[in-house]
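Good morning, and thank you for the time on the agenda.

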Amino acid sequence: MVNLPNADGSVSAYTVKNAPVEIKKRKASGFNRIAYAAAHVVADPFADTDPWLTPAIDWDKTVAFRHHLWDLGLGVAEAMDTAQRGMGLGWPEAKDLIGRALKEAESRDDALIACGAGTDHVAPGPDVTIDDIVRAYEEQIEAVEAHNGRIILMASRALAAAATGPDDYMRVYDRILSQVAEPVIIHWLGEMFDPALEGYWGKADHMAAMDIALDVIAGNASKVDGIKISLLSKEKEIDMRRRLPESVKMYTGDDFNYAELIAGDDAGYSHALLGIFDAIAPAASAGLEALGKGDEKAFYDVLEPTVPLSRHIFKAPTRFYKTGVVFLAYLNGLQDHFTMIGGQESTRSTQHLAELFRLADDARVLMNPELAERRMREVMSVRGIAQG
């Protein structure tokens, strides 16, 4: 039992009601969808650094979490925004993370992994040119490909700031895609996830921007495995999905509507590249197994209860969703503390964490209820909610 605050300022006792989803080792080959979980990093709470200025990473726990995802049959989308890329994790640390994760992947015969390459080591500014941005992409791509890694081509804050219109986006993407060793996943991250990316592709309207992105993909289809869009609009994703070249996949990044987008419709379906799959990995794995067996009802039975939790974790300001992801990892014993690089554990309120706990129970993703309750009591006590 744990005392939790309510919206009206009162406090009431709460006991976990639901048994967790079964944790079972699976292989990605058993799924009929490709599913990446964008994975978080585990901070080192003992490092003598200033968290806002210098990231300190517990590499052992961070690597162990990747194996947790692989054991469930999920792929790892490495060094993405879930790993606090641009919100605490800089390129030097991301480069180290990518190298370590790819080495671990080589130790397994079933590890699906793709890594984020962007331009985040170049700060946006008036002196940054389009050629500078191309060179920045090339530098990061070279670092990933040096380890034989697959690329997720991340959206660029520097490009969003420097571009004068769609032609600049076409120039950059055409140049980069002509050089990559293997087909990439293009990542279109909406401004709700990163305000600096507003107006990406040179258009403020998402549908007009989509036309530009589709032109880029059509002109480079042999170098594009797929596109992940994170616009939190199932209608926009479905529209784009239906307009993609036949060889190009849609990877849903919609943490509000993923269940129905993955299940699909008569005209197609989405694969997955989702931050929420970090937090609900056992449920995602079980649901994908059911879908692979043709049991759509069981797929929805497992995943639909996770959607309210995901919508809560990713509520506005959406860029703070990483706090909820890491909090669940702490509650589930996948790390020993609720400390984040950049001090990001402070971005969500006590009320937010309390509701997250209730919704995680409803979603059956509290892997060890007794441990989760004990850790929740400790967090609530520190935040001023007296425990019995």
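Predicted model: local features only at pLDDT ≥ 70, side-chain atom pairs only at ≥ 80, totals over all residues.

Residues are numbered from 1 along each chain as its sequence is written, and side-chain values use heavy atoms, with hydrogens and water left out.

First, the rings. Rings of Phe, Tyr and Trp (for Trp, the six-membered ring) pair if their centres lie within 6.5 Å; planes under 30 degrees apart are stacked, over 60 edge-to-face, and the rest tilted. By this rule there are 14 aromatic pairs. For Phe193 and Tyr321, the centres are 6.0 Å apart and the planes stand at 80°, so this pair is edge-to-face. It links distant parts of the chain, 128 residues apart: Phe193 is in the loop between β7 (184-189) and α6 (206-219), and Tyr321 is in helix α13 (residues 321-331). Helices (H or I, at least four residues) and strands (E, at least two) are DSSP runs, numbered from the N terminus. Both Phe193 and Tyr321 are buried, meaning under 20% relative accessible area, with exposed over 50% and partly exposed in between (1.4 Å probe, protein chains only). Elsewhere, ring pairs join Tyr137, Tyr169, Tyr173, Trp188, Tyr200 and Trp201 into a cluster.

Next, helix α13. How many of the residues of α13 are buried? The helix is mostly covered, with 11 of its 11 residues buried. The cover includes α9 (276-279), α12 (306-313), α14 (350-362) and α15.

The axes of α13 and α15 (residues 369-382) come within 8 Å and cross at roughly 120°. Axes are lines fitted to C-alpha atoms, for helices over the stretch in contact, with angles from 0 to 180 degrees between N-to-C directions. Phe327, Tyr330 and Leu331 in α13 meet residues of α15, among them Leu371, Ala372 and Met376; contact means heavy atoms within 4.5 Å.

Finally, Leu72 lies in the loop between α1 (59-71) and β4 (75-78). Is Leu72 buried or exposed? Its relative accessibility is 2%, so Leu72 counts as buried. Beyond neighbours within four places in sequence, Leu72 is in contact with residues including Ile23, Phe31 and Pro282. Leu72 and Ala372 are 300 residues apart in sequence and 21 Å apart in space, C-alpha to C-alpha.
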